[in-house]
Amino acid sequence: MGLLSVESLPPPSVSTRMLDETVEARCDELGVSSRVQQAAESLSGYISFGLRVPAVVFALLKRLERFAARDGRRVAHASSGARAAVKLLAQACAQHAGQLYDLLPAMVRFGTQSLSDCEDSVRDAFAAALSAAVREHAPRMTAEAARAQLVAPFVSSLGNQSNSRGGALALRAVLRALPAHQLQACEDTVAAALKRHLGAGKPGMTTQPQLRALLLDCVAAMLTASESPEAVEGLAQIAIGCAQAPDWRERLAAVSVLRSVPTLQLPAHMRSQHATTLAKLRYDASSLVRQSINDARAEAGGGEAVSARATFERLALQPPGYGSHATQSPPRMRSRGSEVGGLSPGGAEEGGVNWNAMVMACSAARWAAAGTPGAA
């Protein structure tokens, strides 16, 4: 039996029956490669003008279901018709999400069964559509209903190897759209699943780094609402373990999680592990990971995350002979990126001035005034 049935929508009145038949015909044309563009433009017009939007979405979901079932292969989603159908679905959810409450369960079921083998543009468009619909309708649902209808199906789909990536993408979209009290209601369910699929933070449990990165995004989403110290500690432990993964995408996702950890809720030994992990990632082989750490330090507004301009201004106020071998090291240029003596590259250029160069010149002059080597 298909995902959808005609009972999913109220029966149309006689005055709208002809329009619904036209919508059905246009959706059927999405399956004919030579007519996809014309059909998509027509359906986009219906959506833009708000004409029978639930009927359009209903017909699009049925068409997507037929794409998925064609020849028993989901790879049919790569067709231009499937791409057009999902983009139209995203347009409808972005412009008229308030009219689609009755179809939200059907969208969830579709996402749990037929999303993984889509190409990236199709997956992303469906995730955007789902997120818009959830953000619109979740507030009218109870916390338990949101857990059972919006979260649990995608958590279950993670165990289905053929759709685990699609399930993770959709789960991330849902978690980011849910309000805090509903996230807290599903905390135990989601945290247990994430720990199971991420191997409690042990790298190498799966050979799919992109899937693991998506699941780490889900960890970060849960941390935004978690109020339980035990849950925060468990989620942070997952991220600390994944920060040691061999794939840079997983490490980058782990940095995002570690940046969102409320460290005051961690026990002392976990705070130490958290700080040590972030410190090691400052020298990661991936420039993207290093930049993410620099961004985190800059946002924190203290410590070593200072701009080159701030460092120059501090040095300029010191007496000429300031600094000695015992208390201060001469500035050094690092081989990676544009960092100077621990400075973030973000403040190198400001107002047309290269402040990194100014720091080097000022520091060298002061070492020369102190009569020490290293000024050259």
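Q: What is the accessible surface of the protein chain, and what share of it belongs to carbon and sulfur atoms?
A: The accessible surface comes to about 17600 Å², and carbon and sulfur atoms hold 54% of it. Such areas are computed by the Shrake-Rupley method with a 1.4 Å probe, and for residues only the protein chains shown count as cover. Keep in mind that this is a predicted model: local features need pLDDT of at least 70, side-chain atom pairs count only at pLDDT 80 or more, and totals for chains, interfaces and linings use all residues. Residues are numbered from 1 along each chain as its sequence is written, and side-chain values use heavy atoms, leaving out hydrogens and water.

Q: What makes alanine 92 count as buried?
A: Buried means under 20% relative accessible area, exposed means over 50%, and partly exposed is in between (1.4 Å probe, protein chains only). Alanine 92 has 0% relative accessibility, so it counts as buried. You will find alanine 92 in helix 4 (residues 80-96). Helices are DSSP runs (H or I, at least four residues), strands likewise (E, at least two), and they are numbered from the N terminus. Across the protein chain of 376 residues, 47% count as buried.

Q: Which residues is alanine 92 in contact with, leaving aside its neighbours within four places in sequence?
A: Contact means heavy atoms within 4.5 Å. Beyond those neighbours, alanine 92 is in contact with Ile47, Val53, Val57, Ala97 and Leu100.

Q: Why is serine 131 called buried?
A: Its relative accessibility is 12%, and therefore serine 131 counts as buried. Serine 131 lies in helix 6 (residues 120-137). Leaving aside neighbours within four places in sequence, its contacts are Ala173 and Ala177.

Q: Where does helix 7 bend, and which proline follows?
A: The bend at a residue is the angle between axes fitted to the seven residues ending there and the seven starting there. In helix 7 the bend is about 45 degrees at valine 151, and proline 153 follows within four residues. Among the buried residues of helix 7 are Val151 and Phe154.

Q: What makes arginine 172 and aspartate 217 a salt bridge?
A: A salt bridge is a side-chain nitrogen of Lys or Arg within 4 Å of a carboxyl oxygen of Asp or Glu. For arginine 172 and aspartate 217, the closest N and O atoms are 2.7 Å apart, and the pair forms a salt bridge. This pair links distant parts of the chain, with arginine 172 in helix 8 (residues 164-177) and aspartate 217 in helix 11 (residues 209-223), 45 residues apart. Arginine 172 is buried because its relative accessible area is 19%. With 17%, aspartate 217 counts as buried too.

Q: How many salt bridges does the structure hold?
A: The structure holds ten salt bridges. Another one of them joins arginine 251 and aspartate 284 (2.7 Å, N to O). Arginine 251 lies in helix 13 (residues 248-260) and aspartate 284 in the loop between helix 14 (268-281) and helix 15 (287-300), so the pair ties together parts 33 residues apart in sequence.
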